[in-house]
Amino acid sequence: MKKSSLKTTDKTIYTSIELEKKRQIEGIELIPSENYVSPSVLEAMGSILTNKYSEGFVGHRYYGGNMYIDKIEQECIDRAKKLFGVVHVNVQPYSGSPANFAIYNALLKPGDPISGMNLLDGGHLTHGWKVSVTAKFFKSYPYHVKHDGRVDFEELKKIAQEFKPKLIWCGATAYTREIEFAKFAEIADSIGAYLIADISHISGLVLGGVHTSPVKYAHVITTTTHKTLRGPRGAMIMITPKGIEKDPELPQKIDKAIFPGLQGGPHNHTTAGIAVALGEASKPPFKKYAAQIVKNAKVLANEFTKRGITLVSGGTDNHLMLLDLSKEGNLGSQLEYAMDVAHITANKNTIPGDTASPFYPSGIRIGTPAITTRGMKEPQMKQIATWIVAIIDHIKAYPLPEDKTKRAEFMADFKKKMDKDVFLLNIAKEVKQFTVKFPVPGISK
Ligand SMILES: Cc1ncc(COP(=O)(O)O)c(C=O)c1O
């Protein structure tokens, strides 16, 4: 068969991909949960492995023809086991949320009590936030962070004593400090609860040796593979020696909860991509990469502080920071949009105790994994902070209306103005020139 290309077979999708490619090249990506994968990961993801069905696990499939898929999945498992130092790994979860659902499916009965970090304080939806099925099917007792932006362990202790959660989540989506696994373990162990560490955001930092590993403390670990780990969109569930000690049947329970409990056929192209990413993470340059992510974040945070911007918890220990823009006029939504016009991408985010709302929050979340992949270092962080602070100053004239009913109209109006804003469009031009010097892996123009 003659090789055809998307350009000729499907112009509509091709054009949108090309535009997205241009956006990725010409913009500064500061969303902390995003990254750029290597050409090898892309190659695995775009491979013919997507053609194959392989329900089941290595050596026990419900379809024929899985001899090569078995090799790939086993290699992926072996790499993860060795790198993280765990006993059992399931690499089949379609993404982070299904991985977390599988944990509930494996370990709890409907209605059982659980505790995770409150979403507005930085936790993830799947850790028991009220609109998630995890709070509909289970009794959720969220813990919070204190005014200083750090986990309120006194509150968690009280929750543990009063409600006896069977499962405690540690790990977060928007938390700027080291996750204190030992403190979580002490509380979970005191009531015999499972401690599940969701290290989706920080798994690359753990492998790079710049964040404590949860292996000694948690029974089970979940992680997405597409954030700091720099692999394809997917996830893994890992069982630690401590987990096996608590419950020797955990591997079977977790595997069954994924298949047939929750999913069907694994995404084999993703499994191959994860294996490739783990291979990359096992090499010395990855350690340097992880260290540079944190260095960059610290420099960026310091630059914001020097320029009078308030940061939740006063700084960062990891790859992300949260700008508290409540005193500037609850600018989260406005800043996200204005930065987009200037080709700088981040996401609006609630700050602990936010008085605005999750849709119009007071903060913005900024992270360094993607720009570090492009080779940006300390001097570039200073430049990026300069642009963002200039944009904040520029849009201070547009505080969020106190009256909630006026917010939608205000934002529509604000967006129209910003689309034509010469100051922002000039920054966009500068950003375009700036980013040319930092190629995106896997993308050629
Ligand atoms: C801590 C944490 N857990 C789970 C997830 C869910 O991952 P996914 O979006 O792949 O379902 C995320 C995603 O942001 C996350 O930050």
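In this predicted model, F153, L156, K157 and A160 of helix 7 meet K183, I187 and S190 of helix 8. Sorted by class, the residues of this contact comprise four nonpolar, one polar and two charged. Helix 7 spans residues 153-163 and helix 8 spans residues 181-190; the two pack at an angle of about 15°, with their axes 10 Å apart. Because angles under 35 degrees count as roughly parallel, helix 7 and helix 8 are roughly parallel to each other. The crossing in which helix 7 passes helix 8 is right-handed.

A second pair of helices can be read in the same terms, since two packed helices are described by the angle between their axes and the distance between the axes. Helix 14 (residues 332-341) packs with helix 17 (residues 407-419) at an angle of about 25°, and their axes are 10 Å apart. Helix 14 and helix 17 are therefore roughly parallel to each other. Helix 14 also makes a right-handed crossing as it passes helix 17. On the side of helix 14, the residues involved are S333, Q334, Y337, A338 and V341, and they meet M411, F414, K415, M418 and D419 in helix 17. Six nonpolar, two polar and two charged residues make up this contact.

Stepping back to the whole chain, the domain assignment gives domain 1, covering 43-281, and domain 2, covering 285-435. The centres of domain 1 and domain 2, taken over C-alpha atoms, are separated by 29 Å. To the contact, domain 1 brings 23 residues and domain 2 brings 24 residues. On the side of domain 1 that touches domain 2, the elements giving two or more residues are helix 9 (203-207) and helix 12 (268-281). Helix 9 supplies the largest share of that side, with three residues. By class, the side of domain 1 that touches domain 2 holds eight nonpolar, seven polar and eight charged residues.

Finally, the ligand can be viewed through the residues around it. There are 14 residues around the ligand, and those that come nearest are S95, G96, S97, T173 and S200. Helix 5, which runs over residues 96-107, gives the most to this shell, with three residues. What classes of residue form the shell around the ligand? Twelve are polar, one is nonpolar and one is charged.

Note on methods
Residues are numbered from 1 along each chain as its sequence is written. This is a predicted model: local features need pLDDT of at least 70, side-chain atom pairs count only at pLDDT 80 or more; totals for chains, interfaces and linings use all residues. A residue is near a molecule or strand if its C-beta atom, placed from the backbone, lies within 6 Å of it. Helices (H or I, at least four residues) and strands (E, at least two) are DSSP runs, numbered from the N terminus. Ala, Val, Leu, Ile, Met, Phe, Trp, Tyr, Cys and Pro count as nonpolar, Asp, Glu, Lys and Arg as charged, and the others, Gly among them, as polar. Axes are lines fitted to C-alpha atoms, for helices over the stretch in contact, and angles run from 0 to 180 degrees between N-to-C directions. Angles under 35 degrees count as roughly parallel, over 145 as roughly antiparallel, 65 to 115 as roughly perpendicular and the rest as oblique. A crossing is left-handed if the near helix is turned anticlockwise from the far one by less than a right angle, and right-handed if clockwise. Two residues are in contact if their C-beta atoms, placed from the backbone, lie within 7 Å. Domain bounds come from an automatic or database domain assignment.
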